[in-house]
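Hi everyone, thanks for coming. Please have a look at the sequence and the model on the screen, and then I'll walk you through the fold.

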Amino acid sequence: MAGYDDRDGFIWMDGKLVEWRSANVHILTHALHYASSVFEGERCYNGKIFKSHEHSLRLLESGRLLDMPIPYTAEQISAAKEEVLKANGLTDAYVRAIAFRGAGDEMGVASLGNPVRLAIACWSWGAYYGDAKMKGAKLDIAKWKRPSPETIPTAAKAAGLYMICTMSKHAAMAKGCSDALFYDYRGYVAEATGANIFFVKDGEVHTPNPDCILNGITRQTVIGMLKDMQIKVHERYIMPEELATFEQCWLTGTAAEVTPVGQIGDYMFEVGDLTRRVATEYEKLVRS
């Protein structure tokens, strides 16, 4: 497949469709230098974007948290996503909306005079972790920690927060793993590089408190599903030594969907009945 900069199709930029190869920005775009950028990842199933409005609202909130008001309403953003899907003839796709400080009158850290721009692209994208949905993903344990909310607005889906994710995933891949698990700044289990994490013990589910990590839309969806199944969910602080006590594990995220985990560092997990059930029910839900 051609690189992401060299494809046929269209990308929505600042209110209009632009030919894919022409969807460019200037080298002095503020976001490129200072990470003044927020984004959303969404999936479209059978012509319908799953929880599109919720994603649009979160994009606006991320912009607000970064002091970067996005000049569109949630309804306008959702309509633009539909427009770009139609223009590219896709009904099953990944959708990426990104808002960022563009080039303008300022090139220092302050950027109030620079426009906030919005672009939306979509493409076909299969399973994020390949065949891990069958046998379980293998995770490394990252050397980096998720930061305190006193250092950066951790509730925002901000590009800058993903720098250590890229570094950690590269290190994991070098060890033959498909992702990495982060601890947070206090030493608690936090999340993977682009997904929330769940554990099973004695028929009950445990997942980290999202007080310094993104409270993912897929995470919230899966918690709601589990409660509907009458399965007890504990949202709590999880110590690293507890990894040895859990029987099953899975990841959740728009790209990851529900992906079983078979190993984290030296800890092993079974791809058990509950994990498979959650993955199956999620697949039914998003395609309903």
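**The sheet, the cores and the helix pairs**

Let's start with strand β5: seven of its nine residues are buried, so β5 is largely enclosed by the rest of the structure. Buried here means under 20% relative accessible area, with exposed being over 50% and partly exposed in between, using a 1.4 Å probe and protein chains only. Helices (H or I, at least four residues) and strands (E, at least two) are DSSP runs, numbered from the N terminus.

A quick word on what you're looking at. This is a predicted model, where local features need pLDDT of at least 70 and side-chain atom pairs count only at pLDDT 80 or more, while totals for chains, interfaces and linings use all residues. Residues are numbered from 1 along each chain as its sequence is written, and side-chain values use heavy atoms, leaving out hydrogens and water.

Now, where does β5 sit? It belongs to an open sheet of six strands, in the order β2-β1-β6-β5-β3-β4, with antiparallel pairing. Two strands pair if DSSP finds at least two bridges between them. At the edges are β2 (16-19) and β4 (48-49), each pairing on one side only.

On one side, β5 (residues 93-101) pairs with β3 (residues 37-45) in the antiparallel sense, over eight bridges. If you zoom in there, Ser 37 has Phe 100 as its bridge partner in β5, and Val 38 stands opposite Ala 99. β5 also pairs with β6 in the antiparallel sense, again over eight bridges, and there Tyr 94 has Trp 123 as its bridge partner.

Let's stay with Ser 37 for a moment. Is Ser 37 buried or exposed? At 5% relative accessibility, it counts as buried. Not counting residues up to four places away in sequence, Ser 37 touches Ala 31, Leu 66, Met 68, Ile 98, Ala 99, Phe 100, Ala 158 and Ala 159. Contact, by the way, means heavy atoms within 4.5 Å.

A nonpolar core is a set of buried Ala, Val, Leu, Ile, Met, Phe, Trp, Tyr and Cys residues joined through side-chain atoms within 4.5 Å. The largest one has 22 residues, and Val 38, Leu 59, Leu 85 and Ile 120 have the most contacts inside it. β3, α3 (74-87), β5 and β6 each supply at least two residues of this core. There is also a second, separate core of 19 residues, including Tyr 129, Leu 139, Ile 197 and Phe 246.

On to the helices. Helix α2 (residues 52-65) lies across β3, β4, β5 and β6 (116-123), running at about 175° to β3. Axes are lines fitted to C-alpha atoms, for helices over the stretch in contact, and angles run from 0 to 180 degrees between N-to-C directions.

The axes of α2 and α3 come within 9 Å and cross at roughly 125°. That makes α2 oblique to α3. For the labels, under 35 degrees is roughly parallel, over 145 roughly antiparallel, 65 to 115 roughly perpendicular, and the rest oblique. Among the residues meeting here are Leu 59 and Leu 60 in α2, and Ile 77 and Lys 81 in α3.

Last pair: α6 (residues 217-228) and α7 (residues 273-286) pack at about 110°, with their axes 11 Å apart. α6 and α7 are therefore roughly perpendicular to each other. The residues that meet include Val 222 and Met 225 in α6, and Val 278 and Tyr 282 in α7.
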